[in-house]
Amino acid sequence: MTRLPRPRLVWTKAASGRNLFVIVGLTIALIVSGIAMAAYNEQLQQAQRVRAVGVQADILASSVTAALSVGTPADAQEYVKALAANPDIEDVRVYDTANRLYASYSRPAHASGGHIEVTRRVAEKGQVFGHVYLRTEAEPLARRVARYSGVGLLALMGALLVAVLIAAQSSLARANRELEARAGELAGANESLLVEMAEREKAEEALRQSQKMEAIGKLTGGVAHDFNNLLMVASSGLDLMDRTTDPVRRGVLRDGIRQALERGASLTRQLLSFSRRAPLNPATVDLAQRIENMRVLLERSLREDIEVRLRLAPDLWPVRIDSSQLELALVNIAVNARDAMPHGGTIVVAAENHPAMDDGELKGDFVRLAITDSGEGIPDDLIPRVIEPFFTTKEVGRGTGLGLSQVYGFTRASGGDLRISSEPGKGTTIALYIPRSTEPVVEQPKPAPRGRAGGKAKGRILLVEDDETVAALVTAMVTELGYEPTRASTAAAALEALEKDKDKSLQVVFSDMVMPGAMNGLELAREIGRRRPDLPVVLTTGFSDAAAAATAEGMRLLVKPYRIEALAAELDAVREAKRLQRKGRKPH
Amino acid sequence: MARRVTRRGAWALLALAFSLSAAQAFAEDVSLEYRVKAAYLYKVAPFVAWPASAFGGAGSPFIICVQGADPFGAELDRAVAGQGVAGHPFLVRRIETVGPDSGCHILYAGGSRRQSIVDALHAVRGTNVLTVTDGERPDAPRGIVHFVISEGRVRFDIDTQAAHENGLEISAKLLVLAHAVRSRR
């Protein structure tokens with residue numbers, strides 16, 4: 001949102017006035033100089049004309065000498081007549097020494113203009129024979145007019161130019177005034193627009209807030225219900241465990257409580273995933289193998305009247321995804337399909353390669369994973385809304401509205417896209433386009449052996465955790481795994497503990513990521529990497545913006561909540577990796 | 001001494017009387033024709049170029065000689081009084097006979113018993129003298145300038161050949177006015 005600057009006009013009034021002044025001044029100077037030149041020219045012309053008449057008189061005086069002295073008036077008249085050929089000459093007279101007219105010529109004088117009169121002595125070798133008189137018109141008016149018509153034309157043009165410039169100037173000034181007025185109006189309109197936009201933003205903010213409230217309401221209806229159920233299972237399970245000593249029955253109750261807790265963990269994962277801030281743990285995997293592994297899970301989460309068919313192309317490209325997110329996505333889609341087929345049906349999970357796609361954002365090689373049901377379908381107008389968080393068509397308590405949101409978030413986070421097509425009454429196809437990975441498939445780590453994982457002494461472990469409850473639990477878990485724990489509640493305290501560890505008896509550091517203090521878990525891990533490069537570090541977090549950075553830096557990360565087997569496996573893996581590293585560096 | 005004056009010539013002379021510049025005084029014994037001729041005698045001087053050697057120096061006189069019979073009388077003296085050409089004042093000299101050493105610049109050969117016109121002309125041939133003669137008869141002896149009466153006016157013929165022989169240059173202005181010009185034969 002930018003304010004329109006008030007336009008600056010290049011031709012301001014003052015500037016145009018100054019320019020006009022200059023132009024008028026120049027024109028006047030031009031005309032004045034033209035007149036001055038004409039006057040000077042006229043003077044020169046006049047002087048030259050006087051000279052010319054003088055020369056003519058000289059010629060006459062010189063040529064008429066003999067005729068005047070030893071010739072006849074007729075002889076002299078010949079010369080006079082010769083001069084009369086010049087139309088400017090009005091009067092020619094030749095006088096003898098006694099001042100008697102000897103020969104002459106005259107024509108009617110021109111009405112206008114001055115005259116030039118010249119008298120010359122007629123003499124030869126000092127002997128004077130008389131004189132001649134010559135009178136001409138100063139200059140014929142027509143010729144003078146012709147001569148000065150150029151200057152006149154110039155002056156006229158100059159005046160015309162001034163007139164045109166003044167006219168142009170005034171129209172420009174008028175246009176400028178109009179433009180300024182319009183600019184003012186525009187600025188006013190812009191300001192009122194800004195006010196309106198601010199108001200609209202406020203209104204939209206209010207709307208968003210109310211939508212958020214509505215969403216939270218829905219969340220309360222859906223998620224809270226699920227949580228209550230699993231808490232119910234856990235608490236009642238614990239109650240029952242207290243009342244029985246039968247190991248078989250306690251085992252059943254323990255499994256029930258664990259399942260409820262796993263569901264709770266799954267629920268929070270979905271919430272994080274839909275917000276698309278869940279730490280992705282991507283790896284390059286073979287999609288076909290993953291789906292095959294899930295077949296049993298899928299069938300168990302569905303009803304018996306629903307058949308699952310897999311159509312997986314044999315040469316599927318590897319893809320780089322977070323496997324747990326994939327599993328969650330498939331379960332979410334399958335659950336939706338199940339609910340769409342209350343009287344049973346078929347779910348087809350198909351995967352195939354789509355090379356060299358060029359469809360909107362999808363450019364390049366993709367693997368298409370499509371789940372098709374034979375259910376009631378989704379009305380057209382609802383299709384764009386099904387991926388909205390908390391959007392659900394199910395009654396309160398049946399769904400959270402987070403399922404397809406998670407699917408959408410997962411595909412987008414994996415660099416792909418989601419396409420939904422549906423035909424009411426016939427079924428729905430949800431297709432995930434996931435970009436092909438050029439990296440080789442990473443072998444899936446074997447699940448850690450269930451049961452008592454520890455027992456054997458594994459050395460000291462430094463636990464960094466600010467939450468007392470969690471710290472107590474984790475301390476119990478690592479002790480169970482055979483470690484001798486040392487606890488620090490901040491990064492600074494952890495570094496202090498590290499300083500005290502002179503004999504390097506610490507085997508591993510297990511740190512939370514988000515902690516009070518100047519240093520968080522990631523920074524602590526870096527610092528430890530600098531001070532004790534051979535000391536392995538495992539980070540853990542439920543959620544953090546830094547989690548993505550941690551995985552990007554190659555740090556080991558354990559996502560909360562985790563089970564003791566996962567903790568044991570992670571700690572073993574990180575120690576093994578460090579051991580191999582040390583071995584690789586040391587020559588045999 | 002008597003000159004035949006035709007009636008037509010008399011009319012012309014009457015007309016000339018208005019145009020002459022010199023004559024203020026009148027002499028009953030000199031006809032209008034000769035008064036004109038007397039004026040012409042010195043007035044041709046500016047239109048003839050004498051070599052510088054013809055003059056003694058700056059301010060030396062320009063000598064007009066009248067040999068033998070003098071038809072001009074005092075009229076000529078009056079006409080040239082106070083006049084000159086190129087700084088040389090006119091001087092009229094009347095002589096019976098003329099020779100190469102007479103110092104004349106212009107010679108009017110009137111002829112005398114001791115020296116005929118022909119002899120006079122012959123005597124100055126080859127010297128820087130502008131010879132002037134007069135006479136209506138076709139066989140009359142002719143100097144460089146020869147006065148004639150044509151259409152009732154006094155005119156003159158010019159013999160450029162003779163002038164050349166006497167080392168004189170005649171101005172074209174004068175030649176234009178000449179009644180006839182004899183050139184190199």
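Predicted model: local features only at pLDDT ≥ 70, side-chain atom pairs only at ≥ 80, totals over all residues.
Good morning. Let me begin with chain B on its own. Its secondary structure consists of 6 helices and 10 strands. The chain has 185 residues, and buried residues make up 43% of them. If we take the contacts in chain B with a separation of 6 or more, 61% are between residues 24 or more positions apart.

I turn now to the place where the two chains meet. Here, 17 residues of chain B are in contact with 20 residues of chain A. Which elements of chain B each supply at least two residues of the side that touches chain A? They are α2 (32–43), β3 (84–85) and α6 (172–177). The largest share comes from α6(B), with 4 residues. By residue class, this side of chain B divides into 9 nonpolar, 5 polar and 3 charged residues.

Next, the nonpolar cores. The largest one has 75 residues. The members that touch the most other members are V64(A), A76(A) and V94(A), together with L41(B), I106(B), L107(B) and L174(B). The element that gives the most to this core is α2(B), with 7 residues.

Let us look at I106(B) as an example. Leaving aside residues up to four places away in sequence, I106(B) touches L41(B), A45(B), I64(B), C65(B), L130(B) and V132(B).

Finally, there is a second, separate core, which has 36 residues. Among them are A329(A), V331(A), A337(A) and I387(A). Thank you for your attention.

Definitions and conventions: Residues numbered from 1 in each chain as written. Chains lettered and ligands numbered in written order. Contact = placed C-beta atoms within 7 Å. Nonpolar A, V, L, I, M, F, W, Y, C, P; charged D, E, K, R; others polar. Core = buried A, V, L, I, M, F, W, Y, C linked by C-beta atoms within 7 Å. Buried ≥ 20, exposed ≤ 12 C-beta atoms within 10 Å, placed from the backbone.
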